[in-house]
Amino acid sequence: MADSIKIRITGDDSSYRKTLSGLGSAARTAVKGLTVAAAAVSAAWSAVGVVGVRYNAQIEQLQTSFEVMTGSAEKGAAVLERIRQIAAATPFETEGLASTVQLLMNYNLTADEAINSMEMLGDISQGNQDKLSRIAMAYGQMSSAGKVLLEDVKQMTEAGFNPLAEISETTGESMASLYDRISKGTLAVDEITASMVRATSEGGKYFQSMEKQSQTLNGQLSTLKDNAMSLLGDVMTPLTDELRDNLLPMANELLGEFATAFEQGGFDGLLDAITGKLPDLLNAAVAAGNKVISGLAKWLPSAMHQIASVLPNALRSVLDMGPQLVSALFDVVSGLVRDLVSMLPELVPMIIEGIGNIVPAIFDGIGDVLTGLFDGIEQALSLIHI
């Protein structure tokens, strides 16, 4: 039997193991970070999708309402589009303006009359939705009744516009005479309308009031919100169409089938029905996803191109601001230093006085501590002596 030689080699691999452990920890941290980031992006995208779909549902509901009120799908769509254009250029939002137009149409104004009146009332209300609704209500009531009532005039006045004062200022007729004509029912609605036209025309008190209000911070924020919602609605249109035309009808049909299956077979019947419909559900989900992705695929290249086109200028602007920011920072620091130096004649005596007050207190405290210590030692010695 041949002799064998066994050689055992040992070494310190702690550094190697530590390196691998560090790499593993870094990898886990990176994966965790990517997972959190992906979850955040997914949640944000889900929120955006919900908002966009809800906006589209609201717009579709409004368009259907105007279709019913005008008797024409084409006319209803045109009315809503005109309202959206006004909302995009004023402090008002689409829903509020649409509600005002619907209100005026309910008082027998045509769609065109309602929109024209709404624009005048929007100027008079100076971009305030609550005032717009109240003035529109009063004007609609008097237009429908065909006469001016004191309650309607009072409501308009409380909302910020006194038509009688405008008529009196323009025609010279006294307020007493106007109130008397209201009580007799001889003040015509056309006179109120004429007062609104004058007030919102060039030279009038409320001329281009909505346009001016749209330039304020609140006005621009409102316009930004409306434009952003419109953009989200456009982006989510493929999903909205898929929900309306396919997914929701399928869901309603399936729920009916599942309810029937549960009534006939209990939980086993319900599970069998769900299992049998899984392929259809998966196919519908994939189809919806493909439509959304195809919609984004059409929109994203243009968006990325626009972003890329402005990126150099944006970066250049940021870099150009660098020297100004540094200079401003040094100005702030140097100003602070100058202020502190100028205050030294006042601060030094205060500091010295404070130290002078603190030192005696420290010595007093030390004395109290030593006294307590000596008292304790004395008591301990007395006990030992006993």
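Analyst: The questions below concern helix contacts, a loop residue and a pocket in this predicted model.

User: Are helices α5 and α6 roughly parallel or roughly antiparallel to each other?

Analyst: Helix α5 covers residues 129–145 and helix α6 covers residues 150–158, and their axes lie 8 Å apart at an angle of about 160 degrees. Angles over 145 degrees count as roughly antiparallel. The two helices, α5 and α6, are therefore roughly antiparallel.

User: Which residues of α6 meet α5, and how many residues of each class does the contact hold?

Analyst: On the α5 side, the residues that take part are Arg134, Ile135, Met137, Ala138, Gln141 and Met142. Their partners in α6 are Asp152, Gln155, Met156 and Glu158. By class, the contact of α5 with α6 is made up of five nonpolar, two polar and three charged residues.

User: How are α2 and α4 oriented to each other, parallel or antiparallel?

Analyst: Helix α2, which spans residues 73–88, packs with α4 at an angle of about 10 degrees, and the axes are 11 Å apart. Angles under 35 degrees count as roughly parallel. It follows that α2 and α4 are roughly parallel.

User: Which residues of α4 meet α2?

Analyst: From α2, the contact draws on Lys75, Val79, Arg82 and Ile86. The contact of α2 with α4 divides by class into five nonpolar, one polar and four charged residues. The residues contributed by α4 are Ala111, Asp112, Ile115, Asn116, Met118 and Glu119.

User: What is the handedness of the crossing of α4 and α9, left or right?

Analyst: The axes of α4 and helix α9 (residues 189–200) come within 10 Å and cross at roughly 60 degrees, which makes α4 oblique to α9. Met120, Leu121, Asp123 and Ile124 in α4 meet Met196, Val197 and Thr200 in α9, and this contact comprises five nonpolar residues, one polar and one charged. As for its handedness, the crossing of α4 with α9 is left-handed.

User: Where does Gly127 lie, and what separation in Å is there between its C-alpha atom and that of Met210?

Analyst: Gly127 belongs to the loop between α4 (111–125) and α5. Leaving aside neighbours within four places in sequence, Gly127 is in contact with Pro91, Phe92 and Gly122. Gly127 and Met210 are 83 residues apart along the chain, and the separation of their C-alpha atoms is 5.6 Å.

User: Which helix gives the most to the lining of the largest pocket?

Analyst: The largest pocket holds about 190 Å³ of space, and its lining includes Gly160, Phe161, Asn162, Glu166, Lys205 and Tyr206. By class, the lining residues are four nonpolar, four polar and three charged. The helix that gives the most to this lining, with four residues, runs from residue 163 to 171 and is α7.

Technical notes
Residues numbered from 1 in each chain as written. Predicted model: local features only at pLDDT ≥ 70, side-chain atom pairs only at ≥ 80, totals over all residues. Heavy atoms only, no water. Axes fitted to C-alpha atoms, helices over the stretch in contact; angles between N-to-C directions. Parallel < 35°, antiparallel > 145°, perpendicular 65-115°, else oblique. Contact = heavy atoms within 4.5 Å. Nonpolar A, V, L, I, M, F, W, Y, C, P; charged D, E, K, R; others polar. 1 Å grid on protein atoms, 1.4 Å probe; cavity = no way out; pocket = protein on both sides within 12 Å on 5 of 7 lines; lining within 4 Å. Points joined across faces, edges and corners; volume = space filled by probe spheres on them. Left-handed = near helix turned anticlockwise from the far one by under 90°.
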